[in-house]
Structure formats: structure tokens, C-alpha cells
Amino acid sequence: MAPAVTTSLTEASNGHETEVASIKRLAGSAALSSVPSEYTYTKNPNEQGDANDPEHSIPTIDFALLTSGSPDQRAKVIEELGRACEEWGFFQVNNHGVPESLMKSMIDACHRFFDLPEEEKKEFQTKNLLDPIRCGTSANVAIEKVRLWRDFLKVIAHPEFNSLYKPAGYSEVSLEFSKRTREVATEILKGISESLGLEADYIAKAMNWDRGLQILAANYYPACPQPDKAIGIPPHTDHGLVTLLIQNEMGGLEVKHKDQWVLVNAAPGAFIVNIGDQMQILTNDKYKSIWHRAVVNNKATRISIAVPHGPSLDTPALPIPELLEREGQAPKYIGMTYEKFMELQASPAAYVKPCLDHLRI
């Protein structure tokens, strides 16, 4: 086992501060040849991901047809979008108009942030969930059982845009990327509304989308000497309405589909999109927030940027009355503001049972 490598990253645990290594620094140690015990994660050998089975490939949505196709083409894509939300909860979006060069620049900018000396990242290390800029390692060392093989950077880009002043160029790239990504998310949300038989702007209005939360969440997963014994992010669901994700050339996202873990193979330049918990509440379980995880590899660093989009922090999601009436259903969830829901997801209670189960009637 490698000698202990520590940085200034700390988490409170039982009233004490615990030093935790940045995974970038730990993985870069010449002495590291195996996964330290505190990072050892056991996966079920029968649940390995498979990206080669065509029956287990996430659906593809043609964004150009959604936004500028003929009425017949648009209707067909909205039907496909609804089916993807209902059967998968994950899909990839192509022809979305966001330049691949911008996506690559965003990944490069985040890579340069993670490459900064540890001392220079100190000022952004914070434990407050909704601080505008937050970086760290693992997830919540105070309550998690196994440390995660990843470092992260989370920056709130909406309703108020925040950014880093270093590395050089990050601010300009992140402003353009967050704007363009939000435009795509807005159109996807309209399509989802229509797939449910609602007006295009129904969900946006109900969730106060104009004040909605958007986070740029970059994840850094360095090569791991024993990838089968570590985890980037364990199985989880996303807290928002929809999440858009991009990644460098290294894959690692796995999705739970029909009780099997499926390794996602995204087309170059595509957004990977998934439904979040707030959408599952709104649709009363019609569209499900699917469990997914990030696995690691022993070849090269993987960088992903997940961009969750949610309601405004003070807005509670509740099952949509029109859908309940049409389906003859009773609501399955009580209301909780988005801010409280995010706090719940980051709390020990979420380790006991999934967040949605805390709200289930």
C-alpha cells in the first residue's frame, strides 16, 4: 500500500477535522501500486457494464429535428423522447448546435484547474453545499463508507453566473458553455413537457426555470492501478430535472437498465442526458430517475462535466395535477423545496434509503 499522501482537503467527522488526500496527488505518487484500503470498493462481479450489446445502447435524440424539423418530424422526435424518458431515463442528444470545439475547450479548462498546484486550489475548498464555487475530493468523507476515486469542481452558473479567475481562460469558456448548454436543456425540457401531453412551457413555468439552478460539475478520475477495486462515483440518481454530461475520450459512465449495468458509449460531440429526481416526482414515476455510476480505468485520466439543471431553490416539485387526473392516479410524493431535497441527498439519511423514498407517500 502507498504511504499516506495528504493535502489540505478536510471534512468534519465527529467534531474532528480529517485530512484527506486529493486523488490526483494520491494517484500521482510513484509509490502507489494498489488501491489503499479506504478506497476499496467491492462491485458485484455479475453486474459488469457492457457497451457492445445493441439492445443495451441508450437511445439517440436528434436535436435538430426537435427544434427545426417539420411538424411531423418534431412529433416523431417528441414521441421518441418520451419513450427514452420512460424506458431508459438516459439518452444522447446529437445535432444540438453546441460546437464540439467549445465542449473540448471546457474539458481542457477543467483539466487545467485540476492541474493547478494543491495550494492554489485551497481557497475553493469548502463544505457548504451551495457555495458558488466548491472543489474537493471524494464526496462526503464524514459519512461515506468508501472514499471515491475522483476529485471534483462544482460551480453554480445560474441563476447567477459564477466563475474561477484561474486557470486563465476558464471564465470565458465556462460562460459560453453554460449558456449554450442551458439553451439545449431548455429545448429538451419543452420536448419532455410536450411528450407528456402538456404545453411546451408547462414544466418550465411550474418549476420557475427562469430562476432555476444550473451547476457545472467537473469530475477528475485519474488512472487507477486496480480499477476493479475502486469506484469513481457509486450508484446514485441525480437531484434535478435534467442533467447534460460531456466527457473526454475516456468512457466510464454506467447506467442501470433492466437490472443490468450498461456502459454508455456516447457519439463524439453528443450530450448524454438523464432524467433527475425532480422529474420523477413531477411525472409521478412515469419518467424515472435512473441509477448510474462512474467506474475508473487503469489507462488514462477521465474527465466528465455533468451539468444538472433544476428548479429554483425555493420551488417544491409535486406530481402534476393534469397527469394525475388523466391517469386516474393519486400523488405518490409529498412536496419538498429543491434546496431541502439537495440537503437531504447530501445527508446521512440518503445512505439509509434513496432520497425519493423519503418523500414517497
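With a relative accessibility of 1%, F113 counts as buried, a term that denotes under 20% relative accessible area, whereas exposed denotes over 50% and partly exposed the range in between (1.4 Å probe, protein chains only). F114 is likewise buried, at a relative accessible area of 2%. These values come from a predicted model, in which local features need pLDDT of at least 70 and side-chain atom pairs count only at pLDDT 80 or more, while totals for chains, interfaces and linings use all residues. Residues are numbered from 1 along each chain as its sequence is written, and side-chain values use heavy atoms, with hydrogens and water left out.

A search of the whole structure finds five aromatic pairs. Rings of Phe, Tyr and Trp (its six-membered ring) are taken to pair if their centres lie within 6.5 Å; planes under 30 degrees apart count as stacked, over 60 as edge-to-face and the rest as tilted. The ring centres of F113 and F114 are 5.6 Å apart and the planes stand at 70°, so this pair is edge-to-face. For F114 and Y220, the centres are 5.2 Å apart and the planes stand at 40°, so this pair is tilted. The latter pair links distant parts of the chain, since F114 belongs to helix α4 and Y220 to strand β7 (residues 214-221), 106 residues apart. F114 and Y220 are both buried. Ring pairs link F113, F114, F124, Y165 and Y220 into a cluster.

Helix α4 comprises 15 residues (100-114) and reaches 21 Å from its first C-alpha to its last, close to the 21 Å expected at 1.5 Å a residue; the expected span is 1.5 Å times one less than the number of residues. Helices (H or I, at least four residues) and strands (E, at least two) are DSSP runs, numbered from the N terminus. The buried residues of α4 are L102, M103, M106, I107, A109, C110, F113 and F114. They cover an arc of only 155° around the axis, which puts them on the same side of α4; the arc is that of the directions from the helix axis to the C-beta atoms. On the other side of α4, S101 and K104 are exposed.

Charged side chains also lie over aromatic rings. A charge is assigned to this arrangement if NZ of Lys or CZ of Arg is within 6 Å of the ring centre and within 35 degrees of the ring normal. K154 lies over the face of F152, at 5.2 Å from the ring centre, and the charged end of R182 sits over the ring of W209, 4.6 Å from its centre.

Strand β12 (residues 271-275) has five of its five residues buried, so it is largely enclosed by the rest of the structure. F271, V273 and I275 are buried on one side, and I272 and N274 on the other, so that both faces are covered. Two strands pair if DSSP finds at least two bridges between them. Strand β4 (residues 90-94) runs antiparallel to β12 and is joined to it by four bridges, with I272 as the bridge partner of Q92. Strand β9 (residues 242-247) is also antiparallel to β12, again through four bridges, and L244 stands opposite V273.

An open sheet of four strands has the order β8-β13-β10-β11, with antiparallel pairing. β8 (233-236) and β11 (260-263) stand at the edges with a single partner strand each, so one side of each is left without a neighbour in the sheet. Strand β10 (residues 253-257) pairs with β11 over four bridges in the antiparallel sense, and K256 stands opposite W261 in β11.
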